[in-house]
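Hi,

Here is the structure I promised to pass on to you. Have a look at it first, and my notes on what turned up follow below.

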Amino acid sequence: MGFYANVIIPILFDKVMDIEPINQARREYLKEVSGKVLEIGFGTGLNLAFYPENIEKIITLDTNTGLDRKAKKRIEESRIEVDNRILNAETLPFENDEFDSVVSAMTLCSIKNIDSALREVHRVLKPGGKFFFMDHGISSEPKIRKWQKFWNPVQKIIGDGCHLTREIRELIETSGLKMDSFRNYYMDEVPKTHGFIYQGIAIKK
Ligand SMILES: C[S@@+](CC[C@H](N)C(=O)[O-])C[C@H]1O[C@@H](n2cnc3c(N)ncnc32)[C@H](O)[C@@H]1O
């Protein structure tokens, strides 16, 4: 992992992911998380403060060791016991049907082999288990889509693999998960190319 990904990205993500509109979304979409929880793409741990009171322990993972260093402080300060691991979400070392909830924030945009990661999410969820997601992706407006396609190659470089053009809902449904609640919206304070949000809960039947 190079200097940019290991040193600059953690500083950048810790700032840009900690803005009020994103935190408002975290507050909303994490409300119903329960049971045994796995969070993929933990980053610097910004979701931690927004888990419901009843969550006492979670397993988290990320591939970036630089982000992991920054997450440590949040983990130490949290009331939740966190088992934080350096792992790739594309291949999970967990049993089938192990988790009640899997959580992801602004991560489905970045995972290289997203189909594989979502198949893994489906595999490790118990039947009836829920995938809680909040991400940005391709807009429903043709004009914005055009700009997203234009900026995508640059975004992939500066955002460490982040895509602006993913059809997040379609990708989740292709994995076999069924949408239980869902909404698209533009996030306040974020350019439309980067702030078309896919947020909801998908269930393993
Ligand atoms: C934009 S950050 C979001 C971090 C955090 N979820 C948040 O909301 O602040 C995307 C995260 O996905 C992680 N990531 C990308 N590919 C991954 C993979 N294959 N497995 C696990 N994490 C991955 C990155 O290292 C980064 O921490």
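The buried residues of α1 pack against α3 (65-77). On the α1 side, those buried residues are Ile9, Pro10 and Phe13. Keep in mind that this is a predicted model. Helix α1 covers residues 3-16, and its 14 residues reach 19 Å from first C-alpha to last, close to the 20 Å expected at 1.5 Å a residue. Even so, α1 has a kink of about 40° at Ile9, shortly before the proline Pro10.

Now the core. The largest nonpolar core has 43 residues, and Val102 and Phe131 touch the most other members. Leaving aside residues up to four places away in sequence, Val102 touches Leu38, Ile40, Val121, Val124, Leu125 and Phe131. In soluble globular proteins, nonpolar side chains tend to be buried together.

Finally, two backbone points. Most residues other than glycine have a negative phi. Asp97, which is not a glycine, has a positive phi of about 55°; Asp97 sits in the loop between β3 (81-86) and β4 (99-105) and is partly exposed, with 13 other C-beta atoms within 10 Å. Glu189, also not a glycine, has a positive phi of about 70°. Glu189 lies in the loop between β6 (178-186) and β7 (196-203), and it is exposed, with 9 other C-beta atoms within 10 Å.

Best wishes

Key. Residues numbered from 1 in each chain as written. Predicted model: local features only at pLDDT ≥ 70, side-chain atom pairs only at ≥ 80, totals over all residues. Core = buried A, V, L, I, M, F, W, Y, C linked by C-beta atoms within 7 Å. Buried ≥ 20, exposed ≤ 12 C-beta atoms within 10 Å, placed from the backbone. Contact = placed C-beta atoms within 7 Å. Helix = DSSP H or I, 4+ residues; strand = E, 2+ residues; numbered from the N terminus. Expected span 1.5 Å × (residues − 1). Bend = angle between axes of the 7 residues up to and from the residue.
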